[in-house]
Amino acid sequence: MHYELYMSAALAEAAGAAARGERCDGAVGVLDDAMVASAADQVRGSGDPTAHAVMVTIREAAERMGTTSLQGMTIYAVVEPCAMCVGALLESDVDGLVYAVPDPVSGAAGSALQLASNGVLGRRLNVVSGILQDDAVEVLRTNGKRAAAHPAAAAGH
Ligand SMILES: [Zn+2]
């Protein structure tokens, strides 16, 4: 697995989002060592409050692959996904989630909530965290206001 390579791509998406005035977050979808989708947060530009980077990446991957089941796919996200995004990952049969920075306010992969590995739901995600965390904290700090008020980001240094 090329964790750092794919996380770098997600970080580039996040920096691009911030440059367009969006929340600084990005994600990529990887299947069999190939990047099949990548997206940045698009909430403000699209006017769609559900257009988080992970959601847009899932939609793009499903469209490109022509299937609604993303079995075998791993999603790389800069910031730990929220409850909506983790729910969408589970509903789309994604296998793995890799994120850089935990989100103690709304992260649903173990920080604020644990939906990624919850026996009640009957599905789970393999989660790896902390990949390129220092780089991600730096990108959040320089590009996003969110980083300034982000306890995890502040604690990273
Ligand atoms: Zn989300």
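**Entry 1. The sheet**

I looked up the sheet first: 5 strands make an open sheet with mixed pairing, in the order β2-β1-β3-β4-β5. β2 (34-40) and β5 (126-129) are the edge strands, and each has a single partner strand, so one side of each lacks a neighbour in the sheet. On average, neighbouring strands of this sheet are turned by 15 degrees against each other, direction ignored. I took two strands as paired if DSSP finds at least two bridges between them. Helices (H or I, at least four residues) and strands (E, at least two) are DSSP runs, numbered from the N terminus.

This is a predicted model, in which local features need pLDDT of at least 70, side-chain atom pairs count only at pLDDT 80 or more, and totals for chains, interfaces and linings use all residues. Residues are numbered from 1 along each chain as its sequence is written.

**Entry 2. β1 with β3, and the helix on the sheet**

Strand β1 (residues 26-31) runs antiparallel to strand β3 (residues 74-79), with 4 bridges between them. Val-30 has Thr-74 of β3 as its bridge partner. Helix α5 (residues 133-143) packs on the sheet, where it touches β3 and β4 (96-101), and its direction makes about 60 degrees with that of β4. For such angles, axes are lines fitted to C-alpha atoms, for helices over the stretch in contact, and the angles run from 0 to 180 degrees between N-to-C directions.

Which residues of α5 are buried? I found Ala-136, Val-137, Val-139 and Leu-140. These residues cover an arc of only 160 degrees around the axis, which puts them on the same side of α5. The face turned away from that buried side carries the exposed residues Asp-134 and Thr-142. A residue is buried if 20 or more other C-beta atoms lie within 10 Å of its own, exposed if 12 or fewer, and partly exposed in between, with C-beta atoms placed from the backbone. The arc is that of the directions from the helix axis to the C-beta atoms.

**Entry 3. α4 and its cover**

In helix α4 (residues 83-91) I noted Cys-85, Val-86, Ala-88 and Leu-89 as buried. Their arc around the axis is only 160 degrees, which puts them on the same side of α4. The cover over the buried residues of α4 includes α3, β3 and β4. After α4 comes Asp-93, which has a positive phi, near 65 degrees.

**Entry 4. Ala-62**

Ala-62 is located in helix α3 (residues 53-65). Is Ala-62 buried or partly exposed? Ala-62 is partly exposed, because 18 other C-beta atoms lie within 10 Å. Apart from neighbours within four places in sequence, Ala-62 contacts Thr-67, Thr-68, Leu-70 and Ser-92; contact means C-beta atoms, placed from the backbone, within 7 Å. Ala-37 is 25 residues away along the chain, and its C-alpha atom is 8.9 Å from that of Ala-62.

**Entry 5. Whole chain and confidence**

The protein chain has 7 helices and 5 strands, in the order α-β-β-α-α-β-α-β-β-α-α-α from the N terminus on. Of its 157 residues, 45% count as buried. The C-alpha trace spans about 35 × 30 × 30 Å along its principal axes.

The average pLDDT (the predictor's confidence in each residue, from 0 to 100) is 91, and 90% of the residues score at least 70. Over residues 147-157 pLDDT stays under 50, and the model has 18 contacts beyond four places in sequence for them. Where pLDDT is low, predicted coordinates should not be read in detail.

Methods:
Two residues are in contact if their C-beta atoms, placed from the backbone, lie within 7 Å.
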